[in-house]
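Thank you all for making time this morning.

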2 protein chains.
Amino acid sequence: MYAGSVQTLIDELGRLPGVGPKSAQRIAFHLLKLPAEDVHRLAQAITDAKERVSFCTRCFNVAEGEHCGICRDDRRDSAVVCVVEEPRDVVAVEKTREFRGRYHVLLGAISPIEGIGPEQLKVKELLVRIEPEGIEEVILCTNPNIEGEATAMYLARLLKPLGVRTTRIASGLPVGGDLEYADELTLGRAIEGRRELDA
Amino acid sequence: MYAGSVQTLIDELGRLPGVGPKSAQRIAFHLLKLPAEDVHRLAQAITDAKERVSFCTRCFNVAEGEHCGICRDDRRDSAVVCVVEEPRDVVAVEKTREFRGRYHVLLGAISPIEGIGPEQLKVKELLVRIEPEGIEEVILCTNPNIEGEATAMYLARLLKPLGVRTTRIASGLPVGGDLEYADELTLGRAIEGRRELDA
């Protein structure tokens, strides 16, 4: 329907996650209306990020250079490693300010439906870190959904023989949440994971 | 939170319409995971479209070159012009296959809240087309919302003294719609715009 390069742009934008055909069209026309320098800045940001940023060779977080900022920081506790699915999860954990250890990013989760098995994830790369880095505890911080739980169970089985303490983040009601609106699985988990109160 | 060029990319993506901070982050990490050639193709499509595509100097539809495909097509009826807000609306009308005339794209609608008055739109450019192109009917095909209606009313007042037939697209229930779920404004318009049935 559109002149060649407009259609090409719409098609390329439509490949992005969460961008359907209508949004792609909307973004494309927005770009055509914008001043040329703004559009150039976007194209440049895409090219720059792709050229400069790769994954940390140790923990697979995003990094400009060989290691990410957290792996380069000597003040972090190297005995505790938090395993997450994606680099964005590192940011989510960092924002809590509750964790001073290091990370390991799997770059995905086990998902038979999408054809993703442990071989496609950075699992081997986690196991080889345990001994040389003196890791004493691995916190499995994958998402509390089917894929994340399966991944956590799989890793727990691999880590047990290595004699490393393996923990899983708690499931339960969100802070500020409401019992009435909690789904029964979450509420069940919250009861199952109840803790003694020191009164 | 992120290394420099990742944050720059997230910021730039977050400026796009309909892309919030979370989507921007998701798209950015998606791009970092993609093969370099796919990312390059996106950046190239953005640059190409911006360089090659401009607006038709006659009707302000998107065009590669001076005139758009519709203005260049001699088989289109130049006596009828359909006035729309945006280039994407041209595509919407074309898809109906009900219209064989030409277009005029205003590149927006009158919106006092956003500070858009008739001077910011391609209104003058419409008026100067009427005589030289022998336009007999102008179909006001702006959106049936407050801005679109105001724009249609404004244009109708300007076009009347020029002796050109000015029509407005019908408002009413969508085909396949349901009376029960129609809002009262739409249903009111549908009743107001009722037509005699030849039985």
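**Charges, rings and a turn in the loop**

Let me begin with a single side chain, A:Glu12, which has a relative accessibility of 6% and therefore counts as buried, since buried means under 20%. Before I go further, please keep in mind that this is a predicted model.

What does A:Glu12 meet in a salt bridge? Its partner is B:Arg41, and the distance from N to O in this salt bridge is 2.8 Å. A:Glu12 belongs to helix 1 of chain A, residues 4-14, while B:Arg41 belongs to helix 3 of chain B, residues 36-52, so this pair joins two chains.

A:Lys33, at 44% relative accessibility, counts as partly exposed, and B:Glu86, at 12%, counts as buried.

Now let me turn to a salt bridge within chain B, where the side chains of B:Asp48 and B:Arg52 meet at 3.5 Å, N to O. These residues are both in helix 3 of chain B, and they sit four residues apart, which is about one turn of the helix. B:Asp48 is buried, because its relative accessible area of 19% is under the 20% limit, while B:Arg52 counts as partly exposed at 49%.

Some of these contacts are also linked to one another: A:Glu12, A:Arg15, B:Asp38 and B:Arg41 are joined into one network by salt bridges that share partners. How many salt bridges does the structure hold over all chains? The total is 24.

A positive surface patch is formed by A:Lys22 and A:Arg26 together with B:Arg88 and B:Lys95. The elements that give two or more residues to this positive patch are helix 2 (21-33) of chain A and helix 5 (87-96) of chain B. To take one member, A:Lys22 is placed in helix 2 of chain A, and with a relative accessible area of 68% it is exposed, because exposed means over 50%.

From charges I move to rings. Over all chains, the count comes to two aromatic pairs. In chain A the pair is A:Phe99 with A:Tyr103, and it is edge-to-face, with 5.2 Å from centre to centre and 65 degrees between the planes. In chain B, B:Phe99 and B:Tyr103 likewise form an edge-to-face pair, again with 5.2 Å centre to centre and 65 degrees between the planes. Are these residues buried or exposed? A:Phe99 and A:Tyr103 are both buried, and B:Phe99 and B:Tyr103 are both buried as well.

I would also like to point out a feature of the backbone. A:Arg97 has a positive phi, about 60 degrees, although it is not a glycine. Where is this residue found? A:Arg97 lies in the loop between helix 5 (87-96) and strand 4 (101-105) of chain A, and it is exposed, with a relative accessible area of 75%. In chain B, the phi of B:Arg97 is near 55 degrees, which is again a positive value in a residue other than glycine. B:Arg97 is placed in the loop between helix 5 and strand 4 (101-105) of chain B, and it is exposed too, with a relative accessible area of 76%.

My last stop is A:Leu187, which is found in helix 8 of chain A, residues 184-192. With a relative accessibility of 25%, A:Leu187 counts as partly exposed. If you look from there towards A:Asn61, which is 126 residues away along the chain, the two C-alpha atoms are separated by 33 Å.

Conventions. Residues numbered from 1 in each chain as written. Chains lettered and ligands numbered in written order. Predicted model: local features only at pLDDT ≥ 70, side-chain atom pairs only at ≥ 80, totals over all residues. Heavy atoms only, no water. Patch = residues over 30% accessible without salt bridge, like charges linked within 9 Å, V, L, I, M, F, W, Y side chains within 5 Å. Areas by Shrake-Rupley, 256 points an atom, 1.4 Å probe, with all protein chains shown as cover. Salt bridge = Lys/Arg side-chain N within 4 Å of Asp/Glu carboxyl O. Lys, Arg positive; Asp, Glu negative; His and termini not counted. Charge placed at Lys NZ, Arg CZ, Asp CG, Glu CD. Buried < 20%, exposed > 50% of the residue type's maximum accessible area, 1.4 Å probe, protein only. Phe/Tyr/Trp six-rings, centres within 6.5 Å; stacked < 30°, edge-to-face > 60°.
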